[in-house]
Amino acid sequence: MQHLMFVSSQPTAPPELCHVQPTTAQRVLCYHCGDTCREEHLVHDEKDFCCQGCRAVYGLLQESGLCDYYAISDQPGVKEKADVTELRPELFDIPEVRDRLVEYSEDGITRVTLNIPQMHCSSCIWLLENLQRVEPAIIRSRVRFSEKELSITFREERFSLRALVELLRRIGYAPLLNRPQDKAARRGAGVPRMLYVKLGIAAFAFGNIMLFSFPEYLGADVSDRTLLRGFQFLSLAFSIPVLLFSSQEFFTSAWAGIRTRQVNIDQPIALGILALFARSTADVLLETGPGYFDSLAGLVFFLLVGRWYQAYTYQALSFDRTLADFLPLVVIRKRGEVEEAVGVGDLVQGDHIVVRDQELVPVDSVLRAGIGNIDNSFITGEPLPVRRAVGDTLRAGGRQRGAAIELEVLRPFEQSHLKRLWEEHAATSAQRRPAMPRMIDAVARRFTVAVMLIAVAAGIYWAGRDADMVWPVVTAVLIVACPCALALSMPFAYGHTMRLLGRRGVFLRDAEVVERMAHVNAVVFDKTGTLTAREAFELRFIGSALTADEEQRLRSLARNSAHPLSAVLYQGLKGEVSDAVEVEETAGKGIEGTVRGLAVRIGAAEFCGGTKLHMEQGEAQVHVAVGGVYRGCFAVHKRARSGMHAAVQGMRGMAHTHLLTGDTHVDADVSAVFDAQAMHTGCSPTDKSAFIQQLQGGGDRVMMVGDGLNDAGALALSDVGMTVSETSAALTPASDAILDARSIDRLPQALRLTRAARRVVIMSLGLSLMYNVVGVSYAVSGHLTPLIAAILMPLSSVTVVGFVTLATTWSARRLWANDRS
Amino acid sequence: MNVIFLLIAASTVVAVLFLAAFTWAVRSGQFDDDRSPGVRILGDAKPAPTTAPHTTTNPNA
């Protein structure tokens with residue numbers, strides 16, 4: 001995969017280029033970031049680097065003696081990408097931004113907490129915590145990995161916040177401008193502390209009560225009744241905090257279900273806990289038996305382990321985003337010759353603003369000065385920049401690539417196209433996708449009813465024969481029917497599936513998404529940015545073939561330009577680079593220069609003396625002239641992702657596939673894998689949402705795979721919305737799942753795995769029901785001794801958890817038997 | 001036989017103390033992040049190399 005690099009901000013060391021003999025068997029990986037290096041790449045310190053950026057980071061770390069970074073994990077680095085570096089460090093000088101990040105500032109010592117999405121491995125933690133070796137003004141830096149946060153204490157009089165941000169950016173860990181402020185926004189990140197306390201108390205009670213119960217179970221010398229009574233009362237005392245504190249959430253959830261008149265799995269559990277405690281307390285007080293306190297503590301302990309696992313597998317990814325996460329908070333307003341920073345919300349019609357290279361256009365506006373090269377990939381996924389001239393209207397959300405432009409605000413942010421698109425998306429998310437019945441709810445409903453019926457029937461039966469047996473039998477039924485294993489099977493099966501998928505580049509929001517994915521029978525793909533790569537292009541030359549010598553000259557000149565199309569040319573052409581002199585770049589026209597004595601021009605048709613050609617949509621043209629002679633034109637078009645065929649064709653037999661695109665034309669390589677009637681071109685965002693609803697109306701469960709903001713509505717409406725992302729920090733709309741673009745070919749297997757997980761859950765339900773039947777048969781006949789309960793309960797929980805974990809792991813192994821990882 | 005009551009009482013007190021220690025550990029945030037502390041110890045042993053010119057300016061760093 002090719003990446004376009006813009007490293008203009010890097011210190012320009014002379015590049016040490018070398019030719020590595022192409023060895024077909026061995027790919028050369030970048031020592032810093034692990035990407036495959038091109039044949040011709042940088043070599044420094046006998047190590048291979050894919051680009052100047054990676055080499056520069058290595059140089060910085062080496063200078064500070066931090067090369068352990070590379071020893072902890074292989075190729076830990078994060079490649080600096082143009083997308084990610086939209087962040088402007090000067091924004092951190094603005095008081096409002098600073099106030100939001102600074103936690104403490106006194107006597108020139110400041111502590112800030114920054115959110116760093118690129119943090120991903122042990123090396124990252126190590127480097128970020130050793131920043132004081134790079135910059136002595138940093139006193140202490142601490143990582144909270146689960147929340148991807150970095151707290152830094154530093155001497156602000158010697159090192160500004162802005163400089164800190166610039167340093168982080170330089171080593172590839174650009175912080176986000178916004179940090180989730182309230183706890184609610186960070187819900188699910190990590191395990192709540194209270195859960196650990198509850199778990200600890202339950203485990204403490206479980207262990208100790210079990211020890212207290214051994215003399216009774218083992219039939220030890222019972223001549224000393226005082227000792228046994230003492231143990232019974234101690235057990236009672238230990239189980240009180242378990243009942244009142246550790247099992248709180250089961251009671252709240254059960255009560256919430258009763259109030260909304262819904263049966264849920266926590267109701268039989270709460271009933272079981274109450275029955276256990278009531279029966280055991282009565283047994284101890286009335287001296288009718290030792291009680292079931294160990295089963296009570298064990299039950300709560302196992303259930304809490306299930307809750308803990310659920311919280312633990314929750315992905316620390318930001319799935320919920322607001323528009324503010326995408327937009328620059330502050331823009332540069334120009335009044336006369338004075339430039340000042342103002343908030344986006346404060347812009348009014350007629351204001352003049354300046355948008356520089358790589359910045360987003362914040363509001364709908366008219367171009368007043370400069371040449372717009374607008375990349376709309378955030379909105380549509382389309383990466384090739386569109387040319388805009390003075391007087392043209394620009395919509396909010398496009399990114400300028402090239403020299404700074406001056407815009408006149410057409411309408412305030414509140415009325416902009418982007419805001420409307422976003423609100424439409426927010427509205428559709430609120431509209432809710434069609435509800436999907438959760439398997440656990442259906443099972444819980446039947447289960448609860450069955451338990452109630454059995455308890456009542458057993459009670460009535462014994463009332464006719466032996467009234468003294470009614471209380472013990474009814475409580476025993478409620479105790480043994482407590483669906484502990486049932487409640488554990490789903491969090492463990494789905495939670496483990498999430499982890500298995502996460503290892504393969506598919507990140508789900510929570511365990512419920514696994515079940516929804518298992519039901520999917522129609523998959524809708526967006527084309528641009530989803531099936532076609534954002535930054536991989538193909539070149540086609542129109543004109544008489546170029547000689548190797550000409551290619552070499554063009555390539556040498558293209559290297560001098562930061563324009564994205566020049567970078568495509570530089571990467572697509574062959575030849576050893578030589579120096580270009582008298583290089584001059586004219587914004588909006590092209591670049592000219594002299595390479596080995598010949599004048600070379602790359603750029604627009606008129607600039608090179610050619611005529612503008614008619615191109616297919618989504619294609620760009622770059623004209624070239626060598627030695628003053630027009631040579632022809634390169635057509636640049638996006639390449640489909642290499643895993644695209646596998647992704648779409650692998651769905652056969654599992655789900656229908658559809659293609660939606662805003663373009664009017666579908667490239668041949670993409671259209672080859674879809675049925676003709678399954679391709680829908682010219683779709684607006686509203687059309688996409690409508691199409692999803694139409695499929696759902698026909699009874700399909702739809703998974704939407706998209707990327708841009710124009711897919712956001714469809715993503716929110718579909719049963720499973722999945723966004724494709726190339727970097728962990730890329731701008732993606734809210735969704736249920738994030739798919740690493742490199743793993744797109746694994747999508748069919750991912751879908752298969754969720755289906756397998758659902759089958760595993762059904763089997764485990766059968767297994768746990770079997771235990772319940774055995775237990776209930778003891779209970780109704782009045783033979784449920786505390787010992788049997790104490791064996792049955794942990795045995796069923798452990799076997800069910802073990803079964804689902806092994807079965808899902810085995811399914812994943814089988815599905816990815818021939819996979820690369 | 002009475003000594004066993006003393007032993008049970010003593011062991012229960014010890015167990016409760018451990019529970020209290022665990023609760024304190026959770027509340028002080030020791031279970032919040034199970035990844036970074038393990039990595040943290042990897043770097044501490046090595047002193048900063050003297051070749052880097054500016055690392056000596058602040059001995060507290």
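This is a predicted model: local features need pLDDT of at least 70, side-chain atom pairs count only at pLDDT 80 or more; totals for chains, interfaces and linings use all residues.
Strand E4 covers residues 102-106 of chain A, and strand E5 covers residues 109-115. They pair in the antiparallel sense over four bridges. Pairing here requires at least two DSSP bridges between two strands. A:Glu106 has A:Ile109 in E5(A) as its bridge partner.

E4(A) is hardly covered: of its five residues, the count of buried ones is zero. A residue is buried if 20 or more other C-beta atoms lie within 10 Å of its own, exposed if 12 or fewer, and partly exposed in between, with C-beta atoms placed from the backbone.

## Numbering and confidence

Residues are numbered from 1 along each chain as its sequence is written, and chains are lettered from A and ligands numbered from 1 in the order in which they are written. Local features need pLDDT of at least 70, side-chain atom pairs count only at pLDDT 80 or more, and totals for chains, interfaces and linings use all residues. Helices (H or I, at least four residues) and strands (E, at least two) are DSSP runs, numbered from the N terminus.

## The seven-stranded sheet

Seven strands of chain A form an open sheet with mixed pairing, in the order E17-E29-E28-E27-E18-E25-E26. Its edge strands are E17 (506-508) and E26 (679-680), each pairing on one side only. E25 (residues 656-660) runs parallel to E26(A), joined by two bridges. There, A:Leu659 stands opposite A:Met679.

Helix H16 (residues 511-518) of chain A packs on the sheet. It touches E17, E27 (702-706), E28 (720-725) and E29 (737-740). Contact means C-beta atoms, placed from the backbone, within 7 Å. The direction of H16(A) makes about 105 degrees with that of E28(A). Seven of the eight residues of H16(A) are buried, so the helix is largely enclosed by the rest of the structure. Among them are A:Val513, A:Glu515 and A:Arg516.

## Helices H14 and H25

The axes of H14 (residues 470-480) and H25 (residues 747-780) of chain A come within 8 Å and cross at roughly 170 degrees. Axes are lines fitted to C-alpha atoms, for helices over the stretch in contact; angles run from 0 to 180 degrees between N-to-C directions. The two helices are therefore roughly antiparallel (over 145 degrees).

A:Val473, A:Ala476, A:Val477 and A:Val480 of H14(A) meet A:Gly775, A:Val776, A:Tyr778, A:Ala779 and A:Val780 of H25(A). The contact residues divide into eight nonpolar, one polar and no charged.

How values were computed: Two residues are in contact if their C-beta atoms, placed from the backbone, lie within 7 Å. Angles under 35 degrees count as roughly parallel, over 145 as roughly antiparallel, 65 to 115 as roughly perpendicular and the rest as oblique. Ala, Val, Leu, Ile, Met, Phe, Trp, Tyr, Cys and Pro count as nonpolar, Asp, Glu, Lys and Arg as charged, and the others, Gly among them, as polar.
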